[in-house]
Amino acid sequence: MLKQLEGSQGVAQAVALCRPEVICAYPISPQTHIVEALGLLCRKGDLADCEYINVESEFAAMSVAIGASVAGARAYTATASQGLLYMVEAVYNASGLGLPIVMTVANRAIGAPINIWNDHSDSMSQRDAGWIQLFAETNQEAVDLHIQAFRIAEEMSLPVMVCMDGFVLTHAFERMDIPSQENVDMFLPPYTPRQVLDPQNPYSIGAMVGPEAFTEVRWLTHRRMLDSLPVIERIAKEYEDIVGRKAGGLLESYRMEDAEVCVFAMGALVGTIKDTVDEMRECGERIGVVSLKCFRPFPTEAVRESLKRVKRVIVIDRTLSAGVGGAVELEVMKALRGLSIELQSVIAGLGGRAVTRESLKHAFKDVINGKLTAEPVFLDLDQDLVNRQLERERAVRHIGPVAEALNRHVTERKLSRGEEV
């Protein structure tokens, strides 16, 4: 059914259609509207047979989800930013125990300094936690990915993180097609856990493992993640067959048929990138886009196949691994090993900074003309602001936190220009 909804409301309705039995809720922007909407559905009785549990922290939210899952319940929660970091110990436990929990991460920057706006720092910080990570390009895809996530998680007995850009998607109102309960029930069977606490068949969940078997435990987790790649593709196809709409999978190619240059990215920014590529195509540039839908497990072979015919790849990261560069770029570099393809890393949109078509077009043309060489390039970096801070650090030893100093530089510059502060 077509509805004009806020992204968070659409996700809440999609989760409710999956008939979760336990929802663990703790508020943190920008995911709060999701759990608020689910709480209202539970209170009104629209979401039946579901226990909605208000917890005292994000760590408790994941801990309760773990307890619910091992007791045989379909469990869901949501978080963002510092909230995800607070639950990290339990995040690792959920994957190590092989529990099919589904969690929304409304992507937001992590501090310090404090920043509530969107980038991918939070979920990318957990890329090694053993969770499947799916990234939504649009709110419609966020709706569809959540429904697919429960099926993937329960078939593989692995937790799934559905990542959607905070505010950019969660708070945006747009038209979404919410599947019918009948179609979701046809696609997602009742939850039958692989492991569950059972007095008739007692065993330990969360036992200690020593050096003699720990490597093997990790190998099996790695193997299950790799085994999920074809499952993710198959489930996306089955969803399309039932719902009539393509969503998810491993990646999507756009205008790549004759492309010599490819822009590789994930999340909501892909929409702006596609618009930019359309404009450049009209000017004769042979450029295309590959949108990554599944970051963990990383679909190395699919990425290699999609990029093997291009001359250059521009990887856009919305997170920074300090001292290295872009995390996605490192994965693409591995996938392209042995191929004669130039790779350019671009860091963009950190902390919610707007990424415009004009800035993207300028960067893409520089790559095409062989002008960009620095690794990585920071899109729209304010070089004057950075240089002023570096000069101050060379001149003064006790300068206070960098964030405060940069804010002061910005204020001083605005005042010198007669701008409102």
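Tutor: Let's start with a term we will need: a residue is buried under 20% relative accessible area, exposed over 50%, and partly exposed in between (1.4 Å probe, protein chains only). This is a predicted model, where local features need pLDDT of at least 70, side-chain atom pairs count only at pLDDT 80 or more, and totals for chains, interfaces and linings use all residues. Residues are numbered from 1 along each chain as its sequence is written, and side-chain values use heavy atoms, leaving out hydrogens and water.

Side chains of opposite charge can pair when their charged atoms come close. A salt bridge here is a side-chain nitrogen of Lys or Arg within 4 Å of a carboxyl oxygen of Asp or Glu. The whole structure holds 32 salt bridges.

Take E238 and R151, whose closest N and O atoms are 2.5 Å apart. They link distant parts of the chain, 87 residues apart: E238 lies in helix 9 (residues 211–243) and R151 in helix 7 (residues 139–156). Helices (H or I, at least four residues) and strands (E, at least two) are DSSP runs, numbered from the N terminus. E238 counts as partly exposed because its relative accessibility is 24%, while R151 is buried at 15%.

Now look at R296 and E331, which meet in a salt bridge of 2.8 Å, N to O. R296 belongs to strand 12 (residues 294–296) and E331 to helix 12 (residues 327–335), 35 residues apart. Both of these residues, R296 and E331, are buried.

Finally, a network of salt bridges links E137, E141, E252, K274 and K293.
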